[in-house]
Amino acid sequence: MKNVLITGGTEFFAQRVARGLNEQFKVIFGDSKAIPKILLESGRYIDLPLTSRISFNHELLSSALDHNVDIIIPLRKREIVQLSACKDLFHEYDITLVVPAFESLKHLQFISNPGKGFIPNVLVNGESLNTEKLSLKGYTGVCSDTAEGVLLCCLDD
C-alpha cells in the first residue's frame with residue numbers, strides 16, 4: 001500500500017479527491033492552514049509549511065520522508081506552481097509529485113475550487129490513480145475532462 005499526501009486537506013475538495021482514489025492508497029491529509037488539534041491527533045492530518053517560506057520545498061520533502069509518503073498530490077495553486085519546478089528533487093527520494101511539468105503550466109487552464117459537477121481524476125503521465133479510470137495521455141495533476149477541454153483542478157491559496 002502506498003502512502004499519499006493530499007494538501008489542502010481541510011478543504012472539501014481534498015476529501016473528494018481522496019474518495020476517488022484506488023484502494024491501494026493510504027491517504028494522509030496536510031495543510032498549511034490551521035488544522036484542528038483533534039484532526040492532528042488522529043494521525044491522518046499533518047501540518048505543512050507555508051508556500052511563502054523560502055525553504056518550502058525542502059520542508060515539504062522532509063515532512064514527506066518523515067511520514068513515508070510515496071506520492072504528493074498538491075491542491076493549492078501556489079503549491080502546484082512551486083513544486084512543478086522541483087520535481088527532480090522529490091524524484092531523487094522516490095516521491096512522485098502529481099504536478100505537470102513546469103514548462104507546460106503556461107498552456108494549461110486551471111479551475112479553482114471546482115464544484116460537485118467536476119469529477120477530479122488524479123493522473124500521473126496520463127494514467128489514473130482513481131477507481132474509475134480516465135486516461136488522458138501526457139497529463140499529470142488533478143484534472144477534469146470537460147467540454148472546454150482538460151482543466152487542472154486546484155484550490156485558491
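Predicted model: local features only at pLDDT ≥ 70, side-chain atom pairs only at ≥ 80, totals over all residues.

Visitor: Which residues is Thr-51 in contact with, leaving aside its neighbours within four places in sequence?

Guide: With those neighbours set aside, Thr-51 is in contact with Phe-56, Arg-78, Glu-79 and Gln-82.

Visitor: Which residues of helix 3 are buried?

Guide: The general idea comes first. An α-helix has 3.6 residues a turn, so residues three or four places apart point the same way. In helix 3, the buried residues are Phe-56, Asn-57, Leu-60, Leu-61, Ser-63 and Ala-64. Because these residues cover an arc of only 165° around the axis, they are on the same side of helix 3. On the other side of helix 3, His-58 and Asp-66 are exposed.

Visitor: What covers the buried residues of helix 3?

Guide: The cover includes strand 1, strand 3 and strand 4 (71–73), together with helix 4 (77–84) and helix 5 (87–91).

Visitor: How is helix 1 (residues 12–20) to be read, and which of its residues are buried?

Guide: In helix 1, Phe-13, Ala-14, Arg-16, Val-17, Ala-18 and Gly-20 are buried. These buried residues pack against five strands by name: strand 1 (2–6), strand 2 (25–31), strand 7 (121–124), strand 9 (141–146) and strand 10 (149–154).

Visitor: In what order do the five strands of the open sheet stand?

Guide: The order is 3-2-1-4-5, and the pairing is parallel. Strand 3 and strand 5 (96–97) are the edge strands, each pairing on one side only. Take strand 2 and strand 3 as an example: they run parallel and are joined by three bridges. Asp-31 stands opposite Asp-47 of strand 3.

Visitor: Which strands pair with strand 10, and in what sense?

Guide: Strand 6 and strand 10 pair in the parallel sense, over four bridges. Here Phe-110 stands opposite Leu-152 in strand 10. Strand 9, by contrast, pairs with strand 10 in the antiparallel sense, also over four bridges. Asp-145 has Val-150 as its bridge partner in strand 10. In a regular strand the side chains alternate between the two faces of the sheet. Strand 10 itself is mostly covered, as five of its six residues are buried.

Visitor: Where might I look for positive phi values in residues other than glycine?

Guide: Most residues other than glycine have a negative phi. Asn-113 has a positive value, near 50°; it lies in the loop between strand 6 (109–112) and strand 7. Asn-125 likewise has a positive phi near 50°, and its place is in the loop between strand 7 and strand 8 (127–128). A further case is Asn-68, which follows helix 3 and has a positive phi near 50°.

Visitor: How accessible are Asn-113 and Asn-125?

Guide: Asn-113 has a relative accessible area of 40%, so it is partly exposed. Asn-125 has a relative accessible area of 59%, and therefore it is exposed.

Notes: Residues numbered from 1 in each chain as written. Heavy atoms only, no water. Buried < 20%, exposed > 50% of the residue type's maximum accessible area, 1.4 Å probe, protein only. Helix = DSSP H or I, 4+ residues; strand = E, 2+ residues; numbered from the N terminus. Contact = heavy atoms within 4.5 Å. Pairing = 2+ DSSP bridges. Arc of directions from axis to C-beta.
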